[in-house]
Amino acid sequence: MTTTRWLTPRRVDLLLAISVTVAAVTGLVSWGVGSGWARWVTIIHALAGLSLLALAPAKLRGSVRTGLKRRRATRWLSMLLGVLVTATVTLGILHATGLWHGVGYWSALWTHVLLAALLAPLVVWHIASRPGRPRVTDLDRRALAGGGLALAAAGAAYGVQQLAVGDNRRFTGSHEIASFNPSEMPTTMWLNDRSPRVSASDWELTIAGRPVELATLRETARPLEADLDCTGGWWSRQSWDAVPLAELMPEVDRPTLEVTSLTGYSRLFPARDAPNLYLAVGYSGEPLRRGHGAPVRLVAPGRRGFWWVKWVSRIEPVDRPWWLQLPFPLE
Ligand code: HEM
Ligand SMILES: Nc1nc2c(c(=O)[nH]1)N[C@H]1C(S)=C(S)[C@@H](COP(=O)(O)O)O[C@H]1N2
Ligand SMILES: [Mo]
């Protein structure tokens, strides 16, 4: 087999570089954002990732073959990159199709993201260390035609996949689990947090510096349907027994609300979001389980799961801007 004459290795490399960059950026955005426009980012992500597969045969026939013949000392790193990309794409597809959800903490999607983080610096090295690195001027009509073909193949594969998978997925790509069935709903942690052991009778919750009784929350809570969408790749709709935060605190005169767990886990929210934040003490009329944040957790409709702080012990208006925090927590 010879390389298709018009889709030269340089053009293939350029298309691969574009696809992998688009995949990295859209992946992060689709993962971090819980609002509706993320749907388009997620679809672009799938197309960029699947385009890599479509381009793989041309890459293998072209620069991979000649490159391996050259026996550079760093060829092992390049092969590792190839393995990582293959594993990342495979895990993405396994997650998207629901064929494999992973094992415990290591969900297919979480592992997908971790491998993608490992491959990102390798991609940068791989491209920067080549003398014939791709240039924007390589993006001529033939390259665009090749890219178009790859995208069409990715689109066809994505279409078939969507038909096969059905519609239990949210616009983020997450699969539905145990809606309105709290006892079957998974419990998850962000990285390494632990459920605290404090009985509800000893629980202290302060909001804007004032203590709030759990009994008050339990008496005023009413049903609120909202979707918890974990970045592990599942979502669940529950009827939360919740109190609007706005009822529990005076008008916020600071730009930011800090919601802190007894464990130390915390998130900053823009104060304008206060009308869309709730404190839940139960679901479907039963009290929360410990793993789900008992006795009280945040419900943040429209935000990904890592914002739904469990075991809330303090809510404080603060001056620090909400965006002055890591986009994803480190605990
Ligand atoms: C740069 C390397 C990456 C590649 C090559 C890649 C590739 C893929 C592929 C092929 C899929 C399956 C799409 C489908 O069949 O529908 C997928 C799904 C997914 N990836 Fe990535 N990905 C990368 C990085 C990331 C990163 C960094 C994140 C998040 C931080 C991420 C998050 C996701 C999510 C949420 C899905 C599920 C989307 C869906 O189900 O349609 N990916 N990825
Ligand atoms: N204190 C604390 N709250 C937390 C987390 C955590 O690790 N610690 N994980 C978050 C993540 S990533 C998700 S998806 C939800 C999971 O809620 P669940 O365990 O009730 O399903 O809680 C969020 N709240
Ligand atoms: Mo999560």
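In which sense, left-handed or right-handed, does α1 pass α2? I began my notebook with this question, working from a predicted model.

**Entry 1: helices α1 and α2**

I found that α1 passes α2 in a left-handed crossing. I then looked up the residues of this contact, and they divide into 14 nonpolar, 10 polar and 2 charged. The axes of α1 and α2, the latter spanning residues 38–69, come within 8 Å and cross at roughly 155 degrees. Angles over 145 degrees count as roughly antiparallel, and I therefore recorded α1 and α2 as roughly antiparallel to each other.

**Entry 2: helices α1 and α4**

I turned next to helix α1 (residues 9–32) and helix α4 (residues 108–128), whose axes come within 11 Å and cross at roughly 145 degrees. Here, too, I noted a left-handed crossing, with α1 passing α4. Which residues make the contact? On the side of α1 I listed A17, V20 and W31, and on the side of α4 I listed L109, W110, V113, L119, V123 and I127. The residues of this contact divide into 9 nonpolar, no polar and no charged.

**Entry 3: the iron atom of ligand 1**

I asked which protein donors the iron atom of ligand 1 has. They are H45 and H112, each through NE2, and they lie 1.9 to 2.0 Å from the iron atom. I located H45 in helix α2 and H112 in helix α4; the pair, 67 residues apart, links distant parts of the chain. Why is the arrangement around the iron atom of ligand 1 octahedral? The 6 donor atoms subtend angles of 85 to 179 degrees, which makes it so. For comparison, I noted that the ideal angles for six octahedral donors are 90 or 180 degrees.

I looked up R71, which lies in the loop between α2 and α3 (75–97). R71 is not a glycine, yet its phi is positive, at about 55 degrees. Most residues other than glycine have a negative phi, and most peptide bonds are trans.

I then examined the bond between A294 and P295, and recorded a cis peptide bond with omega of about 5 degrees. A294 is placed in the loop between β11 (286–287) and β12 (297–299), and P295 is found in the loop between β11 and β12. Leaving aside residues up to four places away in sequence, I found that A294 touches L288, R289 and W311. Finally, I checked A294 against T260: the two are 34 residues apart in sequence and 14 Å apart in space, C-alpha to C-alpha.

Notes: Residues numbered from 1 in each chain as written. Chains lettered and ligands numbered in written order. Predicted model: local features only at pLDDT ≥ 70, side-chain atom pairs only at ≥ 80, totals over all residues. Heavy atoms only, no water. Axes fitted to C-alpha atoms, helices over the stretch in contact; angles between N-to-C directions. Helix = DSSP H or I, 4+ residues; strand = E, 2+ residues; numbered from the N terminus. Left-handed = near helix turned anticlockwise from the far one by under 90°. Contact = heavy atoms within 4.5 Å. Nonpolar A, V, L, I, M, F, W, Y, C, P; charged D, E, K, R; others polar. Parallel < 35°, antiparallel > 145°, perpendicular 65-115°, else oblique. Donors = N, O, S within 2.8 Å, 3.2 Å for Na, K, Ca; no water. Tetrahedral: all angles 85-135°; square planar, octahedral: opposite > 155°, others 65-115°.
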